[in-house]
Amino acid sequence: MTLPARSQDPAAPLPDELPLAEAFGPTLQGEGPAAGRPAWFIRFGGCNLSCSWCDSAYTWDSSRYQLREEIRHTPVEKIDQAVPDGALVVLTGGEPLLQQDASAWSRLLDGLRRRGCTLHVETNGTIAPNDRTRELVETFIVSPKLTNAGPHRGRQDPALNPGWAAAARDGQAHLKVVCASAEDVETAVGLARDHGWPQRQVWVMPEGTTVDALNARWPAIADAAARHGINATHRLHVLAWGDKRGH
Ligand SMILES: Nc1nc2[nH]cc(C(=O)O)c2c(=O)[nH]1
Ligand code: SF4
Ligand SMILES: [Mg+2]
């Protein structure tokens, strides 16, 4: 049998492959509208931002990680096998929507749906979902970055893509804003208002990758959320498993 020829770059993915950083589960969705639900995670390599506090920098930061080791071009069938029938599957990264125009992306999502999986996407909000992605995904958790994420590299722009408006209006997208202070919560409320996001679909979450850091911020953030009538979420997986990979 002749294998399909790779393109000029030997590191480029084949058409049936996606850049996979890791797939893991069972665990609990730790954050946001589905926090506490049993879930499986598929984490894609690559991000179009570079947040200072990123907890998955091994998906994009070539100054600290050997990305050729961290990210493997993986056939859709193999990724599919990593999660069981009927699971809640969280597609994350990195920035997973960098993959949405690849035919392998819609094949993966379609296959998971046919096996009864519910699909959620964690995204930084810079890329609007295409129609096919919207058909296949139940819920988008959209996390636009505030200035607490520090400067991004080169021409990277963290602005929330206005193309999310339709999914927000239809109740398909939730905002989840990482906050370091009560002032950040005010900023999140203003952002949601400016983009016409219903308050019931707005979440704030403390920044931190340790129990101590999260708990230190939680009271001020919870209090500000309650005053503004929006949702707040802790990071339950950090409480249970720390910052360990695989949860
Ligand atoms: N348990 C758990 N919940 C999560 N929610 C969002 C995550 C992410 O890394 O996108 C994440 C994660 O990595 N683990
Ligand atoms: S957008 Fe998410 S994955 Fe990308 S650098 Fe920021 S925190 Fe990390
Ligand atoms: Mg994480």
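Q: Where is proline 144?
A: Proline 144 is in the loop between β6 (139-142) and α5 (165-169). Keep in mind that this is a predicted model.

Q: Is proline 144 buried or exposed?
A: Proline 144 is buried, because its relative accessibility is 4% and the cut-off for buried is under 20%.

Q: What is proline 144 in contact with?
A: Leaving aside neighbours within four places in sequence, proline 144 is in contact with Asn124, Leu160, Leu175, Lys176, Val177 and Leu191.

Q: Which residues does UniProt list with Pro144 as "binding site"?
A: The unreviewed UniProt entry lists Trp53, Cys54, Asp55, Gly94, Ser143 and Lys145 along with Pro144.

Q: And which of this set are in the lining of the largest pocket?
A: Trp53, Cys54, Asp55, Gly94, Ser143 and Lys145 are in that lining.

Q: What else does UniProt list for "binding site"?
A: The unreviewed entry also has a set with Cys47, Cys51 and Cys54. The lining of the largest pocket takes in Cys47, Cys51 and Cys54.

Q: Let's take cysteine 51. Where does it lie?
A: Cysteine 51 lies in the loop between β2 (38-44) and α1 (67-70). Cysteine 54 lies in the loop between β2 and α1 too.

Q: What does cysteine 51 contact?
A: Beyond its neighbours within four places in sequence, cysteine 51 is in contact with Trp60, Lys145, Ala149 and His152.

Q: New topic. Where does ligand 2 sit?
A: Ligand 2 sits in the largest pocket.

Q: Which residues are around ligand 2?
A: Cys47, Leu49, Ser50, Cys51, Trp53, Cys54, Ser56, Trp60, Gly94, Asn124 and Lys145.

Q: How many of the shell residues are nonpolar, polar and charged?
A: The shell around ligand 2 has 6 nonpolar, 4 polar and 1 charged.

Q: Gly94 came up there. What is the peptide bond from glycine 93 to glycine 94 like?
A: The bond from glycine 93 to glycine 94 is cis, with omega near 10°. Glycine 94 is in the loop between β4 (88-92) and α3 (103-114). Most peptide bonds are trans.

Q: What about the bond that joins glycine 25 and proline 26?
A: That bond between glycine 25 and proline 26 is cis, with omega about 0°. Proline 26 is in strand β1 (residues 17-28).

Note on methods: Residues are numbered from 1 along each chain as its sequence is written. Chains are lettered from A and ligands numbered from 1 in the order in which they are written. This is a predicted model: local features need pLDDT of at least 70, side-chain atom pairs count only at pLDDT 80 or more; totals for chains, interfaces and linings use all residues. Side-chain values use heavy atoms; hydrogens and water are left out. UniProt positions are given in the numbering used here, feature names are shortened, and annotations may be inferred rather than shown by experiment. On a 1 Å grid over the protein atoms alone, a cavity is a set of points where a 1.4 Å probe fits but cannot get out, and a pocket is an open set with protein on both sides within 12 Å along at least five of seven lines; lining residues have an atom within 4 Å of a point. Helices (H or I, at least four residues) and strands (E, at least two) are DSSP runs, numbered from the N terminus. Contact means heavy atoms within 4.5 Å. A residue is near a molecule or strand if one of its heavy atoms lies within 4 Å of it. A molecule sits in a cavity or pocket if more than half of its atoms lie within 2 Å of its grid points. Ala, Val, Leu, Ile, Met, Phe, Trp, Tyr, Cys and Pro count as nonpolar, Asp, Glu, Lys and Arg as charged, and the others, Gly among them, as polar. Buried means under 20% relative accessible area, exposed over 50%, partly exposed in between (1.4 Å probe, protein chains only).
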